[in-house]
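Please read each point with the sequence and the structure at hand.

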Amino acid sequence: MSTTPADVLSVAQLARLRIEEAALDDVTERFGRILDLVAQLQQVDTEGVEPMSNPHDMVQRLRADAVTEDAQRDALQRVAPSVEDGFFLVPRVID
Amino acid sequence: MSPNELSTATAVELAAALRAKTMSAVELTQACLATIARENPVLNAAITVCGEQAIEEATAADTLLRRGDGGTLTGIPLLHKDIFCTRDVATTCASRMLENFIPPYDATVVSRLRAAGTIMLGKTNMDEFAMGSSTETSVFGETRNPWNIHCVPGGSSGGTAAAVAAGFTPLGTGTDTGGSIRQPASLCGITGLKPTYGRVSRLGIIAFASSLDQAGPMTRTAEDAALMLQVMSGLDPGDSTSADIEVPDFRANLGDPISGLKIGIPKEYFSSSLEPRVAASIQAALVELEREGAELVDIDLPHTDQGIPTYYIIAPAEASANLSRYDGVRFGYRCEAPTDLNDLYERSRTEGFGEEVKRRILVGTYALSTGFYDAYFKKAQQVRRLISEDFNTAFETCDVIAGPAAPGVAFGLGTKTTDPLAMYLEDIYTLSVNLAGLPGISVPAGLLDGMPVGLQLIGRAFDEATLLRVAHRFQLRTDHHLARPVPTAVNP
């Protein structure tokens, strides 16, 4: 299966990544080679095999629905790029 | 102890010296910091050094030791891979994205090792977001292998591996998603253990692929690895995937004989991908295990070749989801002067991530996208089960599996950076172990033209104790783990 630059651009858009025009051919070529590599799996017979998402088929524990932490807004927002009055600042979304 | 002895001493030996008062924790910490100051400019294994804080911690440890208090690890220095969140100390994942990130909390691994009395010397270099096998994708520049500074240390935990090998510290932490502890341990001639998935809490470890990531010890001996694993292991309510299963005393039966133990040899691990001279070193190591009384049996792991394609769907898919949190809003890198919200997201991510990280996000996004999910992600999860079942079948006829940790010795800097697929092959013998969630360890098995080879041992789920016992018996019998590189500052 051959991958086109347009395929790569549409995946990049989903992933919120930008690809420079000058790099597009290289990115497409390497991306295509990785898809060729993983395409080997299509030859494996997996009829009736249950997909495995956790290596021990464990299910995640539930915790009691109780408050366990204090609010730490100031400490957590200290690492934010831009905050004001306890809010995260982003560019204007609605004019 | 002389500086030379210090750089090869194990944590067990250093703990004895601290208790015998032949050395203080402050003196030990100063000696480690001096080695770092001397060697790190060439090796670039440590990217943050916490000198002052380390001396303060060592002073507190000395107070405990003088009173006869504290545990075995009290006063023993260590380095953490820069993927573990450390309160008030920069945690970068070697990425521009997190260059200025200072976590407000400690990872559980960090707090447990801190509570055990270890001294944090600093943080080590790694492949960006742990995606790589050479520690060349770090935004802080590559780490060099202390055995030959023109070669890579392996990766992604290459900074810790080089640091332990070069005598910066007796103990270090790493994480292993597809081989990132075992392959650099192999290439740097140290002992590196990836525990069973769920054995060690992932809380506060910057996530790469959540169903594969595990943290583990990187040390000079299996005995030290047992000591560290003891502290790192156990249920953590903060990580819903950490296993609620008893943690045995990993040192209790370390010295027990391994006679009668069945060691499975998968023929698929000795195929044409393996450098013939590495195969010969591994065969020689297997003979030593046989002389210890173990019985070698042939086993099959028929889906070995499918490990790489399976891994390179599942790991990027999980990474693409985990790394979606880096959006330039709540923490991490933000681009200059974004014009709108989408521009903020796209440019922050495009400028903040390196090439390999972006490549894996693209592959993962593709594998999870509408119309491709069944053909890629679901298919990979089905093959993952087949790989896991191969191991289950093998463990019906053996107790431990043995083979190489990597297909060769350390390779030259820059020789695989332009070909991602060549780099991916480095993990051919390690990543199936992550897919199956099993424990694996790499122990030194000799030198080839002065470069280390690693023997990998793979165990049943939650049976790290048997792995450590085999590794310890091997190290009692051989002296491969005692070999140390010539300091680069002496012989550049």
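1. Strand β2(B) is covered on both faces: B:P77, B:L79 and B:K81 are buried on one side, and B:L78 and B:H80 are buried on the other. A residue is called buried if 20 or more other C-beta atoms lie within 10 Å of its own, exposed if 12 or fewer, and partly exposed in between, with C-beta atoms placed from the backbone. Because 5 of the 5 residues of β2(B) are buried, this strand is largely enclosed by the rest of the structure. Strands (E, at least two residues) and helices (H or I, at least four residues) are DSSP runs, numbered from the N terminus.

2. This is a predicted model, in which local features need pLDDT of at least 70 and side-chain atom pairs count only at pLDDT 80 or more, while totals for chains, interfaces and linings use all residues. Residues are numbered from 1 along each chain as its sequence is written, and chains are lettered from A and ligands numbered from 1 in the order in which they are written.

3. Which strands pair with β2(B)? β2(B) pairs with β3(B) in the parallel sense over 5 bridges, and 2 bridges join β2(B) to β4(B) (171-176), also in parallel. Two strands are said to pair if DSSP finds at least two bridges between them. B:L78 stands opposite B:M120 in β3(B) and has B:L171 as its bridge partner in β4(B).

4. β2(B), α5(B) and β3(B) form a right-handed β-α-β unit; right-handed means that, with the strands pointing away from the viewer, the path from the first strand over the helix to the second runs clockwise.

5. These strands belong to an open sheet of 11 strands in chain B with mixed pairing, in the order β1-β3-β2-β4-β6-β5-β10-β11-β9-β7-β8. Its edge strands, each pairing on one side only, are β1 (46-49) and β8 (295-299) of chain B. The twist from one strand to the next averages 30°. β1(B) and β3(B) pair in the antiparallel sense over 3 bridges, and B:V49 has B:G122 as its bridge partner in β3(B).

6. Most residues other than glycine have a negative phi, and most peptide bonds are trans. The peptide bond from B:G155 to B:S156 is cis, with omega near 10°, and B:S156 is found in the loop between β3 (119-124) and α6 (158-165) of chain B. B:D88, in the loop between β2 (77-81) and α5 (108-115) of chain B, has a positive phi near 65°. B:D88 counts as exposed because 11 other C-beta atoms lie within 10 Å.

7. The largest nonpolar core has 156 residues, and B:L121 and B:L362 have the most contacts inside it. Such a core is a set of buried Ala, Val, Leu, Ile, Met, Phe, Trp, Tyr and Cys residues joined through C-beta atoms within 7 Å. Helix α8 (222-232) of chain B gives the most to this core, with 8 residues. B:L362 touches residues of chain A, including A:V8, A:L17 and A:F31; contact requires C-beta atoms, placed from the backbone, within 7 Å.

8. The contact between the chains takes 55 residues from chain B and 42 residues from chain A. On the side of chain B that touches chain A, the largest share, 11 residues, comes from α13(B).

How values were computed
Contact = placed C-beta atoms within 7 Å. Axes fitted to C-alpha atoms, helices over the stretch in contact; angles between N-to-C directions. Lists of a residue's contacts leave out its neighbours within four places in sequence.
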